[in-house]
Amino acid sequence: MKPDLSHELELSPAFHDLDPMDIVWHGNYAKYLELARCALLSKFNYDYPQMKASGFMWPIVDMRLKYVRPVIYGQKLRIRAEITEWENRLRIDYLIRDADTGHKVNQAHTIQVAVSMETREMQYLCPRVLWERLGVMPG
């Protein structure tokens, strides 16, 4: 049975996240993805402190966002983050919806690669520790 590699969280944009048009400034979506990513990785006890302790840093090498609808102050959002690749890189797909209507407001993904903290070299296979934490060890 495949483990559930997803997590959802709910948040409402803060007033300081707005731009002069009174909608959430596009750059703040990266912050929302980070909150969802950390919550997801914490679910598997492999958030950034545990990554560092395992000897790997995981820089984001690609991030793509598609803006579908604007978000306003106080609007409740539901952010779903799901790990969709873990063999050679860590890909997380995100779907941000209005929590009340279910309308999609943003879709995104990030790609992270494992880099040895000792050698500073990128790993072409994700380290075994990631697979163990996710419960997806190859057969």
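1. Cysteine 126 is buried, since its relative accessible area is 3% and anything under 20% counts as buried. Please bear in mind that this is a predicted model. The closest cysteine sulfur to that of cysteine 126 belongs to cysteine 38, and at 17 Å it is too far away for a bond.

2. Searching the whole structure turns up 0 disulfides. Cysteine 38 takes part in none, its nearest cysteine sulfur being the one in cysteine 126, 17 Å away. Cysteine 38 also counts as buried, with a relative accessibility of 19%.

3. On to the sheet, which is open and has 5 strands in the order β1-β4-β5-β6-β3, paired antiparallel. Its edge strands, each pairing on one side only, are β1 (6–11) and β3 (60–67). On average, and ignoring direction, neighbouring strands are turned by 15° against each other.

4. Strand β1 runs antiparallel to β4 (residues 77–85), and 6 bridges join the two. For leucine 11, the bridge partner in β4 is leucine 77. Helix α1 (residues 28–43) packs on this sheet and touches β1, β3, β4, β5 (90–98) and β6. The direction of helix α1 makes about 135° with that of β1.

5. Finally, have a look at glutamine 112, which sits in strand β6 (residues 104–112). Is glutamine 112 buried or exposed? It is buried, at a relative accessible area of 0%. Its side chain reaches the backbone oxygen of tryptophan 58 at 2.9 Å. Beyond its neighbours within four places in sequence, glutamine 112 has contacts that include Arg37, Tyr48, Pro59 and Arg89.

Key. Residues numbered from 1 in each chain as written. Predicted model: local features only at pLDDT ≥ 70, side-chain atom pairs only at ≥ 80, totals over all residues. Heavy atoms only, no water. Disulfide = S-S within 2.5 Å. Buried < 20%, exposed > 50% of the residue type's maximum accessible area, 1.4 Å probe, protein only. Helix = DSSP H or I, 4+ residues; strand = E, 2+ residues; numbered from the N terminus. Polar contact = N/O pair within 3.5 Å; in protein donor to acceptor, adjacent residues only side chain to side chain. Contact = heavy atoms within 4.5 Å. Pairing = 2+ DSSP bridges. Axes fitted to C-alpha atoms, helices over the stretch in contact; angles between N-to-C directions.
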